[in-house]
Amino acid sequence: MRLHVTGATGYLGSELVRLRPDASRQRVEVRDGAAVRELFESVRPEVVIHTAYRQDEEDVNTAGSENVARAAGHVGARLLHLSTDVVFDGRKGSPYVEADPPSPVTDYGRAKAEAEARVAAAHPGALLVRTSLLYGGPEPSKHELAARDPAFVFFTNEIRSPIHVTDLAQALLELAELDVSGPLHVAGADDVSRAELAELLARRPVRTAPAPATRPLDCSLDSSRAQELIGTRLRGVREILA
């Protein structure tokens with residue numbers, strides 16, 4: 001399988017290329033559609049895993065993802081597009097399943113929800129992988145760094161389904177070989193508050209507070225469908241860090 005990884009220097013992308021050192025990883029400006037298409041015509045990937053994003057640059061997340069989807073479709077490549085749990089508002093009251101409609105309340109969540117729609121339109125066979133907070137790589141993630149900061153305040157009622165970055169990368173490589181499309185939730189088995197996650201990461205008490213009403217609250221993901229498809233076990237954060 002000829003694999004190309006966008007965002008290969010990022011937290012998830014670097015783990016993917018560690019597991020698949022033969023993957024192509026040439027950097028390209030994803031906002032430049034012609035450049036993305038030229039790259040894919042050159043490397044001719046069979047599968048593209050699109051991990052590149054910018055938290056505060058909407059056009060990277062929206063137009064950039066659409067460009068990657070169009071270019072992947074142009075060369076006949078399978079596409080796995082990485083999305084996020086915060087396409088939901090967290091008001092459902094139970095874990096989200098793939099059929100639940102997006103309901104973002106943050107700018108980033110809205111951009112990622114729009115990216116999903118653009119990718120699905122440009123590449124109908126794309127797999128839209130919604131995941132959660134990442135940790136556990138060779139270098140600390142932003143969540144691990146925050147947990148080390150004694151001044152940082154963590155929310156007690158913002159619930160997520162954190163996943164070890166190696167579990168996610170291995171799951172993606174398995175999914176790359178399968179004929180499955182549309183939204184798919186791939187997150188950890190434990191639903192924990194941001195405060196509990198920080199305490200597990202820091203191994204000490206942290207400063208806590210309730211989340212403001214403008215935040216996404218319980219964005220836990222039901223990943224049972226993904227777990228039925230793959231052999232990689234999507235472990236919970238308590239199992240790994242407790």
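This briefing looks at how some helices pack together and how some aromatic rings pair up in the structure above. The structure is a predicted model, and the values given below are computed from it. Two packed helices are described by the angle between their axes and the distance between the axes, while a pair of aromatic rings is described by the distance of the centres and the angle of the planes.

**Helices α4 and α5**

- Helix α4, which covers residues 63-74, and helix α5, which covers residues 107-122, have axes that come within 8 Å and cross at roughly 20°.
- Because angles under 35 degrees count as roughly parallel, α4 and α5 are described as roughly parallel to each other.
- The crossing in which α4 passes α5 is right-handed.
- On the α4 side the contact is made by A63, S65, E66, A69 and R70, and on the α5 side by A115, R118, V119 and A122.
- Sorted by class, the residues in this contact of α4 with α5 are 5 nonpolar, 1 polar and 3 charged.

**Helices α2 and α4**

- Helix α4 also meets helix α2, which covers residues 33-43, and the axes of α2 and α4 come within 9 Å and cross at roughly 35°.
- As α2 passes α4, the crossing is right-handed.
- The residues G33, V36, R37, F40 and E41 in α2 meet N67, V68, A71, A72 and H74 in α4.
- By class, the contact of α2 with α4 is made up of 5 nonpolar, 3 polar and 2 charged residues.

**Aromatic pairs**

- The structure holds 3 aromatic pairs, and one of them is formed by Y53 and Y108, whose rings are tilted, with 6.0 Å centre to centre and 50° between the planes.
- This pair links distant parts of the chain, since Y53 lies in the loop between β2 (47-50) and α3 (58-61), whereas Y108 lies in helix α5, 55 residues apart.
- Y53 has a relative accessibility of 32% and therefore counts as partly exposed, whereas Y108, at 15% relative accessibility, counts as buried, because buried means under 20% relative accessible area.
- Another of the pairs is formed by F88 and Y96, whose rings are stacked, with 4.1 Å centre to centre and 10° between the planes.
- Both members of this pair, F88 and Y96, are buried.

Technical notes
Residues numbered from 1 in each chain as written. Predicted model: local features only at pLDDT ≥ 70, side-chain atom pairs only at ≥ 80, totals over all residues. Heavy atoms only, no water. Axes fitted to C-alpha atoms, helices over the stretch in contact; angles between N-to-C directions. Helix = DSSP H or I, 4+ residues; strand = E, 2+ residues; numbered from the N terminus. Parallel < 35°, antiparallel > 145°, perpendicular 65-115°, else oblique. Left-handed = near helix turned anticlockwise from the far one by under 90°. Contact = heavy atoms within 4.5 Å. Nonpolar A, V, L, I, M, F, W, Y, C, P; charged D, E, K, R; others polar. Phe/Tyr/Trp six-rings, centres within 6.5 Å; stacked < 30°, edge-to-face > 60°. Buried < 20%, exposed > 50% of the residue type's maximum accessible area, 1.4 Å probe, protein only.
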